[in-house]
Amino acid sequence: MASDAGEDLAPAATRNPVWELYGRYGRGNLRFALLGAGNTIIGRALGLIPAFVIGLAVDAIFLDQRPYRLPGVPSAWIPASPAEQLWFSIGLLLAATLLGAVASWFEDWGWSVFAQRIQHELRVDAYARMQRLDLAYFTGQRTGELMSILNNDVNALETFLEDGLSSIFWITATFTGIGAILVSLNLPLALVTLLPIPFLAVFTLVFTRVIEPRYLQIRGEISDLNARFENNISGIEAIKTERAEAYEEARVEAASRDYLGANLAAVRVQITYFPGLTIIAGVGFAITFLAGGLWVLTGPPFGLTAALTPGAFVTFVIYAQQYLWPIVQFGSVVDDYERAKAAGTRVARLLRLDPAIRDAADADPLSVVDGRVEYDAVSFGYGDDEIISDVSFTAAGGETVGIVGPTGAGKSTLLKLLPRLYDVDAGSIRIDGRDVRTVRLDGLRRAIGYVSQEPTLFYGSVAENIRYGSFDASDDEMREAARRARAHEFIEALPDGYDTLVGERGVKLSGGQRQRLALARTILKDPEILVLDEATSHVDTETEALIQQSLAEFARDRTTFVIAHRLSTVRRADRILVLDDGRLVERGTHEELLAADGLYANFWRVQAGDIESLPQEFLDRARRRQDAVRQRDEDDSDRRPY
Ligand SMILES: Nc1ncnc2c1ncn2[C@@H]1O[C@H](COP(=O)(O)OP(=O)(O)OP(=O)(O)O)[C@@H](O)[C@H]1O
């Protein structure tokens, strides 16, 4: 049973996704963080100068209460007259401001490069991880949700990555630096300034507890909304033909409303937090100002003896304000952190997912010599329902095997097991006697050319699309493959020939043209084993006959599986397997199967237009089968949210 990966991105609590990501990606970029941090300290130190100089100037120049002395500066450098001291002070203030600006430039540059590089590496890594996951993951997961992680969640980390760590550093530097200065200036008054800290801590703790689930909710809602957009844009044709515009608008409205609700729920908490912090910090500052002011006015309180000059008080008050401000800043860091944590939880979770289908530790490279393919008692189901039941057959090397059966019988599923797009639940599949689970995936998929009914064209030129997977093929090889796939003529007729842009935003191609490009791609790949899953279903019968001719030659010495509803496509196969409801019910050549007069013979009658001679039992079974497939599809769509 293929694992249902749909649950894997449920935002379960991880220990600390943000620090986990910092740890993983920060190390290689540490030099930028160090540059930022070094300049944060320099900037902070320079930022301390003005308050000190102003306080000193007030006391020494205007009130003449203490001598003009600067710590670490020889007194010979300091001018003697008050007017000169004033100019000296202004020079100091300007120099501190200028150097502070330079430090701030290096600080921002260091931290920004640090953040941007982490984000870039994270995005690329998350994508690489994602595309290695099992196919089952993508069918179980809404693509919009994955897009949301790669885009929104990675970007949501940006604010914290950009400002968070630098702010924490800045706050810590300010807090310890100024805290130490306040204590050294006036210990009793410093203790008064510290009073709000425990209140701020408790208030912040409560905030994080309340906001955390709300931010997670927002990530989930934006992801749902994206999934809805994604789904509707790719399904716009059905929306128009079914006149479902109003219905879809209502569904988008509902999804957007949920997102709005989640945002408002978070905003209500968030906007309470900052005023709360400001009030606590403001009251704390007022108490400091009151205590210091009384000290200057009425002398030292509580039996203390030291006097407090107005200038020293000014210095203290400016520092005290600088000291409390980072606490309010801290609030915004906490808020950014909580947002980043919600996004980081989802990104970290994606980074931790491992594909179930991967190389075994002792996997060998596959070398296909004969090309014999054996299915041995194979059973498989995507979910609880078994889709393939106990299927066994052998295709000799170089043989062409046709696979036919009613819709939903499991034909495509059967062949998707060969390149391990899914792994069997029971039994085994062997190529030249080697179980496909014991060889390297890369070699296995290299050896198998898979052309599906709805081939994917990527945005790019026709040539790039044919070369997809055989990136080093020469122009001549690429054109020859196109000729063999009967695609060369129509490509030449396109506006820019092989350079015409196709895929999203490029020239639109018909279903048959797309299929021929996909065939050319596979012919160029030159695989040892070929799987054609309704590969020519969209081309007209005349073109199909021409393609069949080239394919017969191409398929001659390689094992080929051909799934087809049009029985004329498989008529000349060495062997035909008839699949019904996941079971192999008939096998043989076209003639043998006609002679057996079973399911295949009845299909043949249908396609020959010989409806009257069909047994009633066949028609009844066909009806029951259709009902069962419809029921299964409905059950599936009930289970999927989209
Ligand atoms: N990715 C999937 N997840 C879940 N169920 C799936 C998936 N792909 C196919 N199925 C189901 O498996 C069953 C067999 O599908 P499959 O495509 O193998 O049939 P088929 O014989 O190739 O049909 P058709 O001739 O219509 O292409 C169907 O009931 C289908 O709904």
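Colleague: What should I know before reading the model?

Modeller: The model is predicted: local features need pLDDT of at least 70, side-chain atom pairs count only at pLDDT 80 or more, and totals for chains, interfaces and linings use all residues. Residues are numbered from 1 along each chain as its sequence is written.

Colleague: Into which domains is the chain divided?

Modeller: Domain bounds come from an automatic or database domain assignment. Here domain 1 covers 14-352 and domain 2 covers 373-639. Their centres, taken over C-alpha atoms, are 58 Å apart.

Colleague: How do I read a pair of packed helices?

Modeller: Two packed helices are described by the angle between their axes and the distance between the axes. Axes are lines fitted to C-alpha atoms, for helices over the stretch in contact, and angles run from 0 to 180 degrees between N-to-C directions. Helices (H or I, at least four residues) and strands (E, at least two) are DSSP runs, numbered from the N terminus. Take helix α2 (residues 30-62) and helix α3 (residues 82-132). They pack at about 160°, with axes 7 Å apart.

Colleague: What is the relative direction of α2 and α3?

Modeller: Angles under 35 degrees count as roughly parallel, over 145 as roughly antiparallel, 65 to 115 as roughly perpendicular and the rest as oblique. So α2 and α3 are roughly antiparallel to each other.

Colleague: Is the crossing of α2 and α3 left-handed or right-handed?

Modeller: A crossing is left-handed if the near helix is turned anticlockwise from the far one by less than a right angle, and right-handed if clockwise. α2 passes α3 in a left-handed crossing.

Colleague: Which residue classes make up the contact of α2 with α3?

Modeller: Two residues are in contact if their C-beta atoms, placed from the backbone, lie within 7 Å. Ala, Val, Leu, Ile, Met, Phe, Trp, Tyr, Cys and Pro count as nonpolar, Asp, Glu, Lys and Arg as charged, and the others, Gly among them, as polar. The contact of α2 with α3 has 22 nonpolar, ten polar and two charged residues.

Colleague: Now α9. At what angle does α7 pack with α9?

Modeller: Helix α7 (residues 196-234) and α9 pack at about 165°, with their axes 9 Å apart. α7 is therefore roughly antiparallel to α9. Their crossing is left-handed. The contact of α7 with α9 holds 23 nonpolar, seven polar and seven charged residues.

Colleague: And how does α6 pack with α9?

Modeller: Helix α6 (residues 187-194) meets helix α9 (residues 245-298) at about 155°, with axes 8 Å apart. These two are therefore roughly antiparallel as well. The crossing of α6 and α9 is right-handed. From α6 come L189, V192 and T193; from α9 come G284, I287, T288, A291 and G292. By class, the contact of α6 with α9 has four nonpolar, four polar and no charged residues.

Colleague: Turn to the sheets. In what order do the four strands run?

Modeller: Two strands pair if DSSP finds at least two bridges between them. The open four-stranded sheet has the order β2-β1-β4-β5, with antiparallel pairing. β2 (388-395) and β5 (434-435) are the edges, each with a single partner strand, so one side of each lacks a neighbour in the sheet.

Colleague: Which bridges hold up that order?

Modeller: β1 (residues 373-380) and β2 pair antiparallel over five bridges. V378 stands opposite V391 in β2. β1 and β4 also pair antiparallel over five bridges. There V373 has I431 of β4 as its bridge partner. β4 (residues 426-431) joins antiparallel β5 through two bridges. R430 is the bridge partner of D435 in β5.

Colleague: What is the pairing in the sheet of six strands?

Modeller: The pairing is mixed, in an open sheet ordered β6-β9-β10-β3-β11-β12. Edge strands β6 (448-451) and β12 (583-588) each pair on one side only. Neighbouring strands of this sheet are turned by 15° on average, direction ignored. β3 (residues 400-404) and β10 (residues 559-563) pair in the parallel sense over four bridges. T400 stands opposite T560 in β10.

Colleague: Which helix packs on the sheet?

Modeller: Helix α16 (residues 511-525) does, touching β6 and β9 (529-533). Its direction makes about 175° with that of β6.
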